[in-house]
Amino acid sequence: MNLDRNSLLAAIFSAFASTTPLANSNTSEIVLRYVGAGKASVEYQHPTLRKQIDFYDADSDTHSFVRSKLWQPSEGCTVELDRSRIRLPKCDHIRFILSWDGIQRDRRYPPLIPLQHGGVLVFTKYLQTFDGNGPTSWKVIAPKGGVAAFRGQKSSEEISIPGSVFAEDPRGWIYLGPDKFVQSEEAQLMVDEGVSDSVGNIVAVMLPQLIRLFATELAARPLSKPSVFIGWANREVGGRSFQADTVPGSVIRFGLSGSDWATPSSAQLETIRDIASHELAHLWNAGVYSSEARLSPWLHEGNAELLSQAAQYQLGYKDLETLRKNAERAIASCLQTAGDQSWPMNPERLRGRIPYDCGFAIQLGAVGVANRCAPEISTMGFWKQHWAKFPRYDESTLVAFLSAVSTPNKSALLKRLLDDKSLPLQIALADLYRESGLLALSNAVETGKTDFNIDAVRIREIFEGKRLNTPRYAEKSCSVTSE
Ligand SMILES: [Zn+2]
């Protein structure tokens, strides 16, 4: 298992923090307050002798860019900012107002999101620091008459968040503002004022359905009760875009952007369904179960795409034809952008649509191979069984699991796809699809056709995992081990 620098530091700090009680006077604390008008103030309290604060994720351009916009220190304070740390030559404590920078940016995690009803969402990662004692602790003070909320916690006074909460992953959304949460048994939801009812209703209806379905099909409840926020930015500006993210603590944020969301079309509402199911799937594939996300985003992004389709099909939101078309679109997109290069050597496989589309394409092939050998294994069932065996998963556990439910020979095709640096992805995928019984698809992929039809019967079998009594799938070469 590879650990990057931050994970390593986090692990060390986490161990330290849990065994050593810290004297308050020697530790740093972030104090977060609501200022009003969709703004928050942030104060770093640190021992006077400390003249330097170290950040998480020093190596990201986005993060240093966002930070340079954020740091407007209080009077009498000099701050020198570089990518990894802030130096405070003349500063006993630093305080600044966190505001929305007013420019629409393609950024998954804006530092501050003002909501129409007056509340704000504050993103912790750009603000989270660590000193010699580990990640910084937070004190979050609720606005007058409102609440502070973090994960499942909500208080009309204040919330303390120990630094150790951020040790594994510094991402989090803190809410400050009026208590507009709608509570249900499965989740709590906050839809901002003015967001179209059609969008809010879709999420409100789907949330409990998806949570119950995934909990049943993947044999586990979410780690904590999900909190979902739906906001709408840039309402006066034309156009339409969408961002969504899932952070630890089962917190999901939907960010609608642009005036076109006032009257969403049916296609846009379908996008909302797709994204809601995708993000919910992350509560399992990156929550209950976990992978080394930085190194193989195709595993959890492609997986969320696959489980999203499977869940919507099971819930009746998508018919077989839509499922087939979506699979064709993902595979075609993967081949167009990444087909000619080998998978392990493709420098783009960590970025853009590629982890989503190629992750979907590869995992569909893997499930197909398993399903051909053991027709009772559905898409959802494949992952349920895989995670029962390997709750921390990576590329090698996927190959090992496929080997156990099909044969070592067949899983070798997947291993070759993942490892062989000279094998173009389209050739490797064509071989995998042939073993999946997706023959027409396999031929099309191999000959470079971009216009193809996936066999509807096979797609149904792969997603449903039903035993159809068709002898051609009960191959002798598949010896299924059960354990
Ligand atoms: Zn995702």
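Two residues are in contact if their C-beta atoms, placed from the backbone, lie within 7 Å. Helices (H or I, at least four residues) and strands (E, at least two) are DSSP runs, numbered from the N terminus.

The structure is a predicted model: local features need pLDDT of at least 70, side-chain atom pairs count only at pLDDT 80 or more, and totals for chains, interfaces and linings use all residues. Residues are numbered from 1 along each chain as its sequence is written.

**Exercise 1. The chain as a whole**

Task: State how many helices and strands the chain has, and what share of its residues is buried.

Solution. 
- Step 1. The secondary structure comes to 13 helices and 22 strands.
- Step 2. A residue is buried if 20 or more other C-beta atoms lie within 10 Å of its own, exposed if 12 or fewer, and partly exposed in between; C-beta atoms are placed from the backbone.
- Step 3. Of the 483 residues in the chain, 44% are buried.
- Step 4. Among contacts with a separation of 6 or more, 68% come from residues 24 or more positions apart.

**Exercise 2. Helices H9 and H10**

Task: Describe how H9 and H10 cross, and which residues meet.

Solution. 
- Step 1. Axes are lines fitted to C-alpha atoms, for helices over the stretch in contact, and angles run from 0 to 180 degrees between N-to-C directions.
- Step 2. The axes of H9 (residues 395-405) and H10 (residues 408-419) come within 8 Å, crossing at roughly 160 degrees.
- Step 3. This makes H9 roughly antiparallel to H10. Angles under 35 degrees count as roughly parallel, over 145 as roughly antiparallel, 65 to 115 as roughly perpendicular and the rest as oblique.
- Step 4. The crossing of the two helices H9 and H10 is right-handed. A crossing is left-handed if the near helix is turned anticlockwise from the far one by less than a right angle, and right-handed if clockwise.
- Step 5. From H9, Glu395, Leu398, Val399, Leu402 and Ser403 take part; from H10, they meet Pro408, Lys410, Ser411, Leu414, Lys415 and Leu418.
- Step 6. The residues of this contact comprise six nonpolar, two polar and three charged. Ala, Val, Leu, Ile, Met, Phe, Trp, Tyr, Cys and Pro count as nonpolar, Asp, Glu, Lys and Arg as charged, and the others, Gly among them, as polar.

**Exercise 3. Helices H7 and H9**

Task: Work out how H7 is oriented against H9, and give the classes of the residues in their contact.

Solution. 
- Step 1. H7 (residues 354-373) packs on H9 at an angle of about 15 degrees, and the axes are 9 Å apart.
- Step 2. H7 is therefore roughly parallel to H9.
- Step 3. H7 passes H9 in a left-handed crossing.
- Step 4. Ala366, Val369, Ala370 and Cys373 of H7 make the contact with Leu398, Leu402 and Val405 of H9.
- Step 5. The contact of H7 with H9 has seven nonpolar residues, no polar and no charged ones.

**Exercise 4. Strand E8**

Task: Find which way the residues of E8 point, and which strands are bridged to E8.

Solution. 
- Step 1. In a regular strand the side chains alternate between the two faces of the sheet.
- Step 2. In E8 (residues 120-123), Val120 and Val122 point one way, Leu121 and Phe123 the other way, and all are buried.
- Step 3. E7 (residues 112-114) runs antiparallel to E8, with three bridges. Leu112 stands opposite Val122.
- Step 4. The hairpin of E7 and E8 has five residues between the strands, and Gly118 takes a positive phi near 105 degrees there.
- Step 5. E15 (residues 173-177) also runs antiparallel to E8, with four bridges. The bridge partner of Phe123 in E15 is Trp173.

**Exercise 5. Ser308**

Task: Decide whether Ser308 is buried or exposed.

Solution. 
- Step 1. Ser308 is found in H5 (residues 297-315).
- Step 2. Ser308 has 24 other C-beta atoms within 10 Å, so Ser308 is buried.
- Step 3. Leaving out residues up to four places away in sequence, Ser308 touches Asp274, Ser277, His278 and Ala281.
- Step 4. Ser277 is 31 residues from Ser308 along the chain, and their C-alpha atoms are separated by 4.8 Å.

How values were computed:
Pairing = 2+ DSSP bridges.
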